[in-house]
Amino acid sequence: IAIPQFAAYRARGYNATAKADLKNAYTAAQAYFSDSPAGTVDMAVLTSYGYQPSSNVTVTVTAGLLGTLAMSSVYTPGGTVTYSITSVGALTP
């Protein structure tokens with residue numbers, strides 16, 4: 001009984017880490033856009049603006065302009081959810 005519950009707790013922790021990393025990356029992107037509204041965000045820009053990725057979390061920038069910003073994150077291995085965020089900060093799921 002305890003082992004399936006433990007696995008579920010671990011997966012929730014992994015997912016929470018991926019979600020937090022995505023929010024942190026979004027904050028770094030917004031800081032960049034306040035300095036360079038016409039610029040394009042990539043991982044190098046996010047890092048230079050303070051984003052520090054957690055171990056085993058992959059954040060991907062799929063569109064890097066201010067009006068079309070789109071990023072996703074997942075914890076690998078063990079995460080069960082891929083999170084996405086839009087240019088207006090709408091986080092799913």
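Biologist: How do you know that Asp 21 has no salt bridge?

Modeller: First, a word on the source: this is a predicted model, in which local features need pLDDT of at least 70 and side-chain atom pairs count only at pLDDT 80 or more, while totals for chains, interfaces and linings use all residues. Residues are numbered from 1 along each chain as its sequence is written, and side-chain values use heavy atoms, with hydrogens and water left out. Now to Asp 21. A salt bridge is a side-chain nitrogen of Lys or Arg within 4 Å of a carboxyl oxygen of Asp or Glu. Lys and Arg count as positive and Asp and Glu as negative, while His and the chain ends are not counted. For Asp 21, the nearest side chain of opposite charge is Lys 23, 11 Å away. That lies beyond the 4 Å limit, so there is no salt bridge.

Biologist: Where is Asp 21 found, and which residues is it in contact with?

Modeller: Asp 21 is found in helix α1 (helices are DSSP runs of H or I with at least four residues, strands are runs of E with at least two, and both are numbered from the N terminus). Leaving aside neighbours within four places in sequence, Asp 21 is in contact (heavy atoms within 4.5 Å) with Tyr 51, Pro 53, Ser 54, Val 57 and Val 59.

Biologist: Why is Tyr 75 called buried, and why is Asn 56 called partly exposed?

Modeller: Buried means under 20% relative accessible area, exposed means over 50%, and partly exposed lies in between, with a 1.4 Å probe and protein chains only. Tyr 75 has 12%, so it is buried. Asn 56 has 42%, which places it in the partly exposed range. Buried residues make up 29% of the 93 residues in the protein.

Biologist: What makes the pair of Tyr 14 and Tyr 75 stacked?

Modeller: A search of the whole structure finds three aromatic pairs. Rings of Phe, Tyr and Trp (its six-membered ring) pair if their centres lie within 6.5 Å; planes under 30 degrees apart count as stacked, over 60 as edge-to-face and the rest as tilted. The ring centres of Tyr 14 and Tyr 75 are 4.2 Å apart and the planes meet at 5°, so this pair is stacked. Tyr 14 sits in helix α1 and Tyr 75 in strand β2, 61 residues apart.

Biologist: Which residues have the most contacts inside the largest nonpolar core?

Modeller: They are Val 41, Leu 46, Leu 69 and Met 71, in a core of 19 residues. A nonpolar core is a set of buried Ala, Val, Leu, Ile, Met, Phe, Trp, Tyr and Cys residues joined through side-chain atoms within 4.5 Å. Its largest share, eight residues, comes from α1.
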